[in-house]
Amino acid sequence: MSESQSCFHCGLPVPDNIHLPIHYENHDEPACCAGCQAVAQGIIDAGLGSYYKNRTANAEKAALPPDEILAQLKLYDLPEVQAEFVEILPEHEKEAMLMLSGITCAACVWLIEQKLLRQTGIVKVELNYSTQRARVRWDDSRVQLSEILALIQNTGYTAAPYDAQKVEAQAQKERKKMLIRLAVAGLASMQTMMFALPTYLYQDIEPQYLTILHWGGFLMVLPAMFYSAQPFFVGAIRDFRNKRTGMDTPVALAITLTFIAGVSALISNANQGMYFESIAMFVFFLLAGRFMEQAARRKAGDAAERLVKLVPAFCHKLLNLNNDNTEEFPVVSLKMGDLIVVRAGEIVPVDGIVLQGESEINEAMLTGESVPVAKFSGSRVTAGTLNIASPLIIQAEQVGNQTRLAHIVKLLDRALSQKPHLAELAEKYASGFTLSLILLAIPTFLVWWYFADASKALWVTVSLLVITCPCALSLATPAALAASTGRLANSGILIARGHALESLAQITDAVFDKTGTLTQGKLSVNQFVNFSGSLQDNELIHIAKLLEQQSEHPIAKAIINYTPDTFRQPEIQIAQKLNKIGHGISAQITFNGNTEIWSIGKPEFVTQIAGTPPKQLHKWAQQGSLITLGNQHGFQAAFVMQDVEKADVAQMLQQFHQQNITLHILSGDNQAAVAKLANQLGITHYVASATPEDKLTYVQQLQASGKRVLMLGDGINDAPVLAAANISVAVAGSADVARDGADVVLLNDDFAALPNMLAQATKTKTVIRQNLVWATLYNALVVPLAMAGWVTPWIAAIGMSASSLIVVSNALRLRK
């Protein structure tokens, strides 16, 4: 056996049966694989062989990019993909931040930089070794981004665009600006205090030196005044243009008045306070408080942002169902009907149906349910969920903004953007308080100027304007609602309306639909009864199925799926179908040469066409829910339906009882079936055979008696009563109409979350009250203190910022 050799490029052992020479300085050096040979020879042939002399560590093992990777790199040239991370500049130039990997030493950075700079069309390259990021600017008419990425790949490293979400990028940009403003204000505070400190310590400073100190403080405060304080001035100008007084108005006014007083003292050479150190200090403290407040607020309301990030940028699009050939494809370009391969460990990018494969899907990120759900051919999957076990071939049914995930994000955004009644009242009060505060500042200044100490009049007025700014009052409600909304979203409860949490805390009665809500909604035909003397079972069943076609109601699905035996299907024509929601369906049926009107539905609905029901119908009604079929010649058949209550319903209702919630059932099912379920669950208030109009009337009567009603439903027939209830809850799997009109949407079937939702609403109400009481007491306490001259401007800034932080921190407790 020959002596073992090490790869010239990566240092790994070279197998005995491998002979891949690298020509370097008139010698052949060994390579362990074709990838290392190609990369090393490319480096040497480009005149960069000194890399191997300067490096301080071996390179990582190189591999030639597979066709799949090269295909994915080409996708980065698409305008819709580049829109997320590429900045377009004049003269056909573009700029992007790239993330590098595979770097082991400083020589790697030098190598990548040299490679890129020698590429035609690349204008500028900036690499950071510590962060392993590169900012590249190129001429798009001469070189494509995919070529740049491939060049780095062929050099033995990998690079990918820094593809951050636009919202996140904007937030980072604002955060950076805020930090810079904060830093400038902090430096200005230290520098102005350096010039002001002698005036505090000594009262007999000579005029010429006092003038120098004043001018020094003036120059040092300018960055804080005209840069750091800019957000307050911009906000005040915006409020002025909108003819309102906002939170920035008193702050901007206080800063301006103090600066004018300082300049006046500077020009007149007055031997009094400089004022400039106060400006710098309370701008610094105000910015620090606002920065921490914004960070806390983002943390409280980041539920929608987390959901948006679930969908990947690329997927594996299947070219043909008959083979395994796939291509990397941007998710934004997918269309309905496209075939996608989702491998184990990947996120599902679309809503669709599984065509091939068996696996388990983790839906916790959407529903809060941690137990994986088995998926197989025919199962539906949702965008944003995680495939755990094995590959699945999925046909896209909803893509982009049409997916369930996108719909959830829209609902959540809508909820967070809407202002509940308490928030509107607080803002209205805060705006009025701000205006009153500005008006109060005028007599305060005059009293101190003429009747007290004139030298203190200005800073007393400034302190009053700053410390009583009602930021905490305005934050009290929205911060708590945002925190609770995010908390419930993690538990599979989507608050879709801004007022929902506020109203949930006031609920006195809960009204439930039966089928699909308290029960599983997976009805099955337990028995089929033929009342006809001339028609066979298969003929009647086929007519019923034709009438129920295209309906999503659980009863319709049960009848369509009912196939007791295999019969020859009769030739039947159907026309003029009419669906009366909550009652039944009628249509014109042509059968055996006769054209007649047939109806299927509740017995009282079919009676309108079929006349008096048979006497034995009452006996079958005791066995379960009854759906009848008839025509002008009478009742022809009946389907006896059975359903099973959901597993966690009993526990949910028990907790509702403990919370003193009165329970009701409103169902379109027959009296016997509803009464049986109500007795099992211990519910004394129930109504059977209820039409949508009956349900609406029942809820309105409860509301007229002073009740606050929560309604749970799932179907189109529940849409009117859901809209009328004080709080409407659409269960998982609800019809689109019911879900879109609901105040709360359950993302899974865990009904145990409902009592927790009410408890969370009560906690939220308590926190809001605490915040409002604190904000009110704070303002009531500090106003007289500030007017009495016991508060300096920089202490006022700390007090105002601290009050806001206390409110937001208290709200963040709701996330636990």
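How much accessible surface does the protein have, and what share of this surface belongs to carbon and sulfur atoms? The accessible surface comes to about 38,600 Å², of which 55% belongs to carbon and sulfur atoms; accessible areas come from the Shrake-Rupley method with a 1.4 Å probe, and for residues only the protein chains shown count as cover. The model is predicted: local features need pLDDT of at least 70 and side-chain atom pairs count only at pLDDT 80 or more, whereas totals for chains, interfaces and linings use all residues. Residues are numbered from 1 along each chain as its sequence is written, and side-chain values use heavy atoms, with hydrogens and water left out.

**Overall composition**

- The protein contains 30 helices and 31 strands; helices (H or I, at least four residues) and strands (E, at least two) are DSSP runs, numbered from the N terminus.
- Of the 816 residues in the protein, 50% are buried. Buried means under 20% relative accessible area, exposed means over 50%, and partly exposed lies in between (1.4 Å probe, protein chains only).
- Among the contacts with a separation of 6 or more, 67% are accounted for by residues 24 or more positions apart; a contact means heavy atoms within 4.5 Å.

**A six-stranded sheet**

- Six strands form an open, antiparallel sheet in the order E21-E26-E25-E24-E23-E22. Two strands pair if DSSP finds at least two bridges between them.
- Strand E21 (524-530) and strand E22 (572-580) are the edge strands, each pairing on one side only.
- Neighbouring strands of this sheet are turned by 20 degrees against each other on average, direction ignored.
- Helix H20 (residues 537-548) packs on the sheet and touches E21, E22, E23, E24, E25 and E26; its direction makes about 50 degrees with that of E22. Axes are lines fitted to C-alpha atoms, for helices over the stretch in contact, and angles run from 0 to 180 degrees between N-to-C directions.
- Seven bridges join strand E25 (residues 625-631) to strand E26 (residues 634-642) in the antiparallel sense, and Leu629 stands opposite Ala637 in E26.

**Salt bridges**

- Side chains of opposite charge can pair when their charged atoms come close.
- The count comes to four salt bridges, a salt bridge being a side-chain nitrogen of Lys or Arg within 4 Å of a carboxyl oxygen of Asp or Glu.
- One of them joins Lys94 and Asp140, whose closest N and O atoms are 3.4 Å apart. This pair links distant parts of the chain, 46 residues apart: Lys94 lies in strand E6 (residues 93-101), and Asp140 in the loop between strand E8 and helix H6. Lys94 counts as buried, at 15% relative accessibility.
- Another joins Lys317 and Asp338 (3.9 Å, N to O). Lys317 belongs to strand E10 (residues 314-318), and Asp338 to the loop between strand E11 and strand E12, 21 residues apart. Lys317 is buried, with a relative accessible area of 17%, and Asp338 is buried at 14%.
- Glu397 and Arg380 also meet in a salt bridge (2.4 Å, N to O). Glu397 lies in strand E18 and Arg380 in strand E16, so the pair ties together parts that are 17 residues apart in sequence. Glu397 is partly exposed at 28%, and Arg380 is partly exposed at 48%.

**A nonpolar surface patch**

- Leu435, Leu439, Ile442, Leu446, Val447, Trp449, Tyr450 and Phe451 make a nonpolar surface patch of about 900 Å². Patches are made of residues with over 30% relative accessible area and no salt bridge: like charges are joined within 9 Å, nonpolar side chains (Val, Leu, Ile, Met, Phe, Trp, Tyr) within 5 Å.
- Phe451 lies in helix H15 (residues 421-451) and is exposed, with a relative accessible area of 72%.
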